[in-house]
Structures are given as structure tokens and as C-alpha cells.
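Grab the model and work through these exercises one at a time. Each task comes with a solution in steps.

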Amino acid sequence: MRFHSAACAAVISAAAVSSASAFGFSPVAVPPRTIAQSSPKPHNHRLHPVAFLSSSSSRSFGMTSTTTTAIATSAPSSSSTSLSLAAGGGPEALEEYAASFASISKSSKIQNPKLVKLAGAAALPLSYLAGAAMTPSRRLAARAIGGIVTAVAAGGVGKSAVEEDVRKGCPAAIARRLLELGLEDANVADGVERLREDYGVEEVDFVDMKTEVYGVYLQGMAKNPLLKTSEMKELTNLRNALRLTNQQLGQAHAEAAVKFFRDISRFASKEELADEDHPDRISLDKYLFLSERAFRQGGETEEAFTFEMSRIGKAFDGLTKEQCLERVENTAKPFYERALNSARSKLDSGAVNPEMLSRAKATLGLSDEVAHQMHIEEFAKEVRVQLGMPETDDEDDEEEEEFIEDEEGNLKLVEREVKDTSGIKFEEGAFERLSKLQEVLSLSDIEGDLEISSTVTEFWCNTALAVMNDAIAKTKSPDKAWSIIEKRQKELFLQDSSMKKLLTQITIQSLGTMLEKTRLFADVGNQAATVNGLNDLIEAKNICKEVLTHGGWKEFDDFEATIFDPNDTSSACGFLSPSVRYNMHRLYFYRSISKGGDGKKKVSDETMAKLQEVQKILGVPESEINFEYKQYFCPDLQKALTAATEEVAKGNATSALVDTYKAEIQQMKADYRLDNDMVVFYSAPLYNEALYKIAGKAPGGIPTKDDVNTLKCLQDLLDIDEVNAQRVASEVFADTYKKAIKEALGSTGIIAEEYRKPLDDLKDRLGMSEEECREIYVRAMSEKFKPMVEFISNEMERLVLTQDQLSQKRGIDYGEDYFKSGKSASGKLGLGTEGNIMRDIMNLIDFYTENDLIEKREVGTKKIEKKIPAEEEGGEEQTITEEVPVYENTYPITALSSGAITEQLAELCYRQFLVSSFTEQGPNAARYEASKGTWGGILGLSSAKMEEIGSNIGGMVYDNYITQMMGSKGALDQQDMMFLANVQAKLGITAEE
């Protein structure tokens, strides 16, 4: 078999030459991204011992070792970025990026990437090539094989070397394709995609190349601090041209961010990057803005958006998402501000509308809140322009304080100089222009009015304050002052709602300044100057009030409460401490008291009116006023009251004497302007003391008729009302009245009729109220009632318990002869009825009813029919429906509430009463029957419990009687049925039961 020596030599030579050396450049000349992707295995640079080619063969392409070294030195190193080559924008960055691959393309032995497919045959095994060369084939195939073998023989090119060459050239080809076709070309995406096939690059590698190219473009764009809105569309076109998905786009931005920040931070310090005006900081903010817009316009979910922005923030020295978005917002604002300025300049042309601003806002990604605030600021600029002022206030004056604190901790009102701004006002047509701008900016009327108000407030206040001071100084009448204020309001488009608040503040400032000056005199105890200052303040207040009444605003109906609110530190008096205000009022009060010809202190009607006004101005509470009056006037009042009380309490007081003293006290009240409560404060203790003295001297503790008359005279003199007089009398005479009730009870326990009227007379003489007397009466009856209940309870226990049971219950050995029989209870009809306690029970019922202890309480109403006789003879009788009250008996004291009996024993007592009333056939039967409900109420049982006990007894009686009759006669006759009907009626058993 024949084999050409040239082919064999070529194959052997290829095995001895490194693929990197065959292309004539060191691996460091390859961009680091490409090297990372291809990751070729390191080659052995040792000379193969079988190599027999001359040195001239290795330099057939003019590439010496020296040339290789030079190229490697000029190529970008792995530690540098392409950004350092670009500063003019995305296209310039791509040009420099493609130029960095120029040395690769010049040293390439295969200029056409399509030859990769044919060059792949060079890597076939030697035996295969030899076989193919010796096998007859078509001419085309033979030429291809021959060309491959020739290439191999000439330069030693292997398959891996060819693929590496292609990979190195593909990113540059993508960049050049974008530059050649342009990002807006309709075929640019397809043109870029064909490069993958032309260069034989895998899909994954090709995506990495595209993201790298995108990152280079993005970095070049961000490197230029000047941001253009067209760059957002430019990036969108670039993404579409490269057909990047959201995930690939995020990866491109994240990787480029790392390189971009690393390149920036090499030359800029942290302090410079923190400076918002530094170019490198602006470039970083621009990168953040472009990234945010790219993600939002790509339709990322909120979770994905957060992830991508967080990655970029982390690359930018650990910025949070919130910090990133804040810087994005600050980057977008100037663009939107220019759009607003443009809209304002074109307002008269009609070429702007709210929809245009909405589109600009959406393009820049500004939130509705931020954009709306910028609209308000733009409107405020136009307001200033229409007032003939600069768009912004260049004066950087700090806000002046209205109040300052003095050495004693009191707030002091600061008096300011009023500026003359009367020439500032809106020109003709300003309102129409502002209304049109308000519509374009989508501002509400309230927002527009607020911005106008905030701008013109100072100018209006200057005029209003000067006019108000003129009115107080009486150089302008209140009517004239209001007309000037109202005119200025119209000139400045100020709404009534704003003017109300401003007028309040102006009035507070004017009157507060006067009060502050007066306070200085009060601090040093200058009583005369303090009074004069407060009088001037009263007059000024009334003038201000008259000016403000022209507005017809209800807010000023209670003028003093609005202007002089002591709880508001910004009011006309609230800046003063309470002690200062109280001291000023006290000085005015003492100065206002005068003495008449009789030497008595007096306060005139005019002075009292001023005192009341001063009280409102200084915000002094009634408690403090009362304290002042008590301190000053009440010693005289107390002296007069004591003298009068002692004289009347001596007894035998005449009405003339009482009237004389009463007139003297009334005059003192009028002179001192004392109210009735203040008089009672001193008179009530005097009356109480007199009453106790009379009770102590009265025989048996009961006041005589003369004592009663004296007490009535004292009540009239000291202005003691009936309620207080009765209350004190109940405290003093309660024991006396109770003793009288017990004495009236006697041995029977029932108050006889002849004692009832004396008790009523005693009640009137003692001066006690009906309610108090009733309570004392019930308490006295309770002391008699409880032993009676306890006796019945003991008798009931003796009735139903055996001797042993009773001894065990009470812990006492009663002996053998205590009971008559000593047997357990046995009874008729199955009920224990031995013994008779009915007499004791009826005595208790009589005690309760005869002493009128049962009370009636209205619990509702009911309708009844009432017949009305005919009005005249021959007329018809009429029936009408009338609503009448329904009453219920109540028992103020009961056996259960007094603790004299247990509930179980109370039920047993009621049961025994029912049985006795049922079995009683004598004259007491009707009385027993009528007293069932009363007895249950006295015991303290409810209506439901009484009904339940009655039903149980009835059922037992029915069962026992029927059993006995059926056992003896075998059937019930008519007499038996009548007996059962009688039982049903007596026990109140229904037919169903």
C-alpha cells in the first residue's frame, strides 16, 4: 500500500506543534471571557524529538517568537475590562471591543469560519487519513482532502486549534454585525443569530457571547455620565437584536455591574462615590437607572425584579434594593422635570395634555406619588412666575421662631418687622393660565388653592398685619381695615378657608404682642401699668373682633375661646405659664376693688365686666377665680354670716330680724359679686353646727316648736335648701325617730292607730324627708321581725325533726321529755302536720300587714274597659278602653334576707302553711287561703317557687286520696270528685296539672 511521505510528515509535524503556537499568539491575548468558555488544556511547549521541519517552516506566516510576544503584550490582559477602552457610549464601546480582537483575526490561518467543517477532518486519525488518501474518490473529495493535508503539512493546524480560533472571533463578529446593521435594522436579530451557525458555536456558548457583548455596550453607555432618554430605547433594541430572555438580560446586567463598579472604584474613592455630583457617582446611578428600566420594561415579576436589583446593588458595594431604587428615582426626576418645564412653556399652544405627561412618567418609571409631588412643585413655580417673581426662592433664610424661652423658662413672643410686599399680586390672565396648568398637571382644586395659598400667605399677612395694627391704633376704622384685607385677598386669589386661619394667626400675633408687653410690668409688680395694659388689650380685642365679624364666619362667634386658648401654646395667651397669667389676673383683681362711703369693699358693674373679660383673655379657670374671691372677700362674708347665725340661734327670732340680716348678706353678695354656691360654702357648716346645738339641748332629743321655728329662720337666712336641711336632720335625729317607733310598737308589735299621727307629727318636727323616715321605720321593724321569724323556724324544726335529729342539728341534748311523743313526724295525707304553728305564722303576717311594711311598686300598665254612664236621661252607656298601672307587692324585709332562716326551711314553712290552709275546715280557712301569697313574700320566696311547691302538694294529696278511696270503696263517688275539685281550687292547680 502506497503512502505519500509528505502527508506522513505533515501528520507527524502537527503532533509536535502546540495549537496555540500554531495561531501565533499567547493564550493571554484572548479575552478572559472567551478563555473561560473554551478552557483549552495546557499544551506542552517542548520541541518534539521527531520534528524535522526547519525554522523557516514555522515562520511560513511571518510569525516569529518575537512577534508573538509583542502581540501578547499589546492584547488586553485578564485583569482589565473593555470599559477602560470606552467612554463615549454603547457603539463606541462595541468598536473598541471588536478592535481588541484585531490581532486574533490577523494571525488566524483560517479566515473563513465555514472552513471549520472541512478543517475538522484534520483531526481524524492517521490511519483514517492514509486510508482515505489511498482510496479512489471523487475529484471534489480528493481536493478537499488534499487541501486539508496541505494545510496540515504547511502549518500544523489541528481540529482544536481551528475551533479555538473560531470561538475567539465570534464575539467580535457579533459586535461588528451590530455596528454594521444597526440596532433598529429589521434583520439584525437574524444576522446575529446566523453567526452562531457560521462560527459553529454551541447554543450555550453563543448566549454567553451575546450577554458579554450586551454588557460591553451597557458599560460603555453608563460610562458617559450624560443620560439620554433615547438610551432606554437603545438598550431595548439591543436586547431584541441579541434575543435575550429576561434571565439572560439579568445575568448580563449583573456580570457587567461587577466589572463596571470594579473599574470605577479603581480611580474614585468612597467619598467621591458618595458625592451625588461626582461624575463617577452619576455613572453608577445611570447604570442603576438603565437596569431598572430594562427589568421593568421586560415584564419581570416583582420577585424576579427584586432579585436582579439586589444582585446589582450587591455589586455596587452592597446597596439595598431600596437604596438602588432611591438613586434610580433621583436619576429619573431631572428628565421628568424637563418634561414638566416643556409642558409649561407650551401651555398656551395647546399642544400638551395630561396623557403626554403620563406617558413620560411611565417611560421614566416614576411612581404616581413622586410624579404628583413634582406636578405640585411645577405648579408652585408657575404661581411665583405669575406673581412676577423668580421660579424659586433663592433666599436661604432660616425659619424664624415665633417664641423664645427666657431665663425663667417662659415663652416670649418675638416681634418681627413687617415687610412691604403690597406690590406683589397676580396680573391679568394669571387665573386662566394657572387653571389650565392645573388641569394639565391633574391637580385638584384643593391642591391648587393650597399651593397658591402657601406662596401668597406671606404677602397677604404683611398687609393684613399692618392693617390690623392700624385698626388697633385707631388710625383706620374696622370697616376700612376689612375692605383693605378683602381687596388684598382677591388680588392674591386667596380662599376664605385659608384666610380664616391666617386672620386667626394675625390676630393672635397682634394681641399676643400686647400681652407680652403687659406681662413685663406684672413681673416687677407694677400694678397700675399691668391694669392699663390689660385695659388696652381689652379694647384692642374688641376692635379685632369687630373687624373679623365682617367675614360672617362662625369660627369667630366665640372669639375669646379661639384666640385666647390657654391650652394652646401658639395662642395669644398660651405662651405664658399659668402662674404668670394667674398673677396678672390677681393684680388686676386687687386694683379693681374700691371702697364706698361706708368703708365697705365694692366691685362696680363696669369693673366686673372687665374682670370677666380679663379672665377670658388670660384663660383663668373658674376654680382660680373662686380661690381669689375666697381669699379676698370671704373672711368678711364669714364674719357677717357667723354673727347673724349666732343672733338668730338664740331663739325667738322674728321675721324682721331675719330679713335684716338677710338683706345685709345679700348686699355683700352683690357688692363682692359672690355667687350662691360660695355663700353656701360658708353657711352650710354654720347651720349644721346650730342644728347639733339645738338637738343637744332639746328634751328627749326632740326639738320644741320654738326650736323648729329657729331652724326654719336659719334655713332662710343661710339659704339652706330643703334637701340639705333634711339630710342634716336625718343625721342628727335618726336615733330619736327610731326610738319613738319602737316605743309605739308596744308589746303587741303592731303600732296602734292612735300612735300613727304622733309619729307623723314627729317626722315633720324633726325635719326629716319621707325617704329617710321610711328607711329608719323599716330598720326598726326589722329588729322586731327577725326574732319572730327565728321562733317560727325553731318551731318548724321541732315539728318535722325527731328528737335525735334535732339534737344532732343543734348540738344540744334535749332529754327525753322535751317532745310530747318523742316520735318522728307523721301526718295526714302523707305530710308532716303534727303541732300547730299557724298561730305564730298568722301573728307574723299581721305584724307585717298591720304595720304597713308591704310596699307597692308599679311594674307596668294594662288596658281595661270602663263603662261611662249616659250623660242625659235616655242616652246610651259608653264603654271606653283605659290604660291603668299594674302594681306588684314588694317586701323590704324578708325571712331569707334577714338571715333568720335557711332557704330549705323557708320552703318547708310555706309547704306547712299550704297544708294547714288546705286541711283547715274552721273559721280560719278563708283567712289562711287569703294569706298564702303574703306568707310566701314575707319568707322571700319567688312566685315561681311558690307555684312549684303548691303543685307538688296538690299532686301528693291527689295521689294519696285516690289511693285511699280506691282501696276502701273501689271507686270514686260524686262526693270524692267534689273534694278533689276543692283541693284543686285551694292549691291553685291547673286542669292539666
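**Exercise 1.** Among contacts in the chain between residues at least 6 apart in sequence, what percentage join residues at least 24 apart?

Solution. Start with the ground rules: this is a predicted model, where local features need pLDDT of at least 70, side-chain atom pairs count only at pLDDT 80 or more, and totals for chains, interfaces and linings use all residues. Numbering starts from 1 along each chain as its sequence is written, and side-chain values use heavy atoms, with hydrogens and water left out. Now take contacts as heavy atoms within 4.5 Å. Of those between residues at least 6 apart, 74% join residues at least 24 apart.

**Exercise 2.** Over which residues does pLDDT stay under 50?

Solution. pLDDT is the predictor's confidence in each residue, from 0 to 100. The chain averages 78, and 77% of the residues score at least 70. Residues 115-158 stay under 50, and the model gives them 40 contacts beyond four places in sequence. Residues 817-835 are also below 50, with 33 contacts beyond near neighbours in sequence.

**Exercise 3.** At what angle do helix 15 and helix 17 pack?

Solution. Helices here are DSSP runs (H or I, at least four residues), numbered from the N terminus. For helix 15 (residues 246-265) and helix 17 (residues 279-297) you get about 180°, with the axes 11 Å apart. That makes helix 15 roughly antiparallel to helix 17 (the label is for angles over 145 degrees). Among the residues making the contact are Phe 260 and Phe 261 of helix 15, and Tyr 287 and Phe 295 of helix 17. Sort the contact residues and you find 12 nonpolar (Ala, Val, Leu, Ile, Met, Phe, Trp, Tyr, Cys and Pro), 4 polar (the others, Gly among them) and 1 charged (Asp, Glu, Lys and Arg).

**Exercise 4.** Phe 493 and Asn 652 each have a positive phi. Is Asn 652 buried or exposed?

Solution. Phe 493 has a phi of about 55° although it is not a glycine. Phe 493 sits in the loop between helix 24 (478-491) and helix 25 (496-523), and at 22% it is partly exposed. Asn 652, also not a glycine, has a phi of about 55°. Its loop runs between helix 31 (634-648) and helix 32 (655-672). At 61%, Asn 652 is exposed.

How values were computed. Axes are lines fitted to C-alpha atoms, for helices over the stretch in contact, and angles run from 0 to 180 degrees between N-to-C directions. Helices (H or I, at least four residues) and strands (E, at least two) are DSSP runs, numbered from the N terminus. Angles under 35 degrees count as roughly parallel, over 145 as roughly antiparallel, 65 to 115 as roughly perpendicular and the rest as oblique. Buried means under 20% relative accessible area, exposed over 50%, partly exposed in between (1.4 Å probe, protein chains only).
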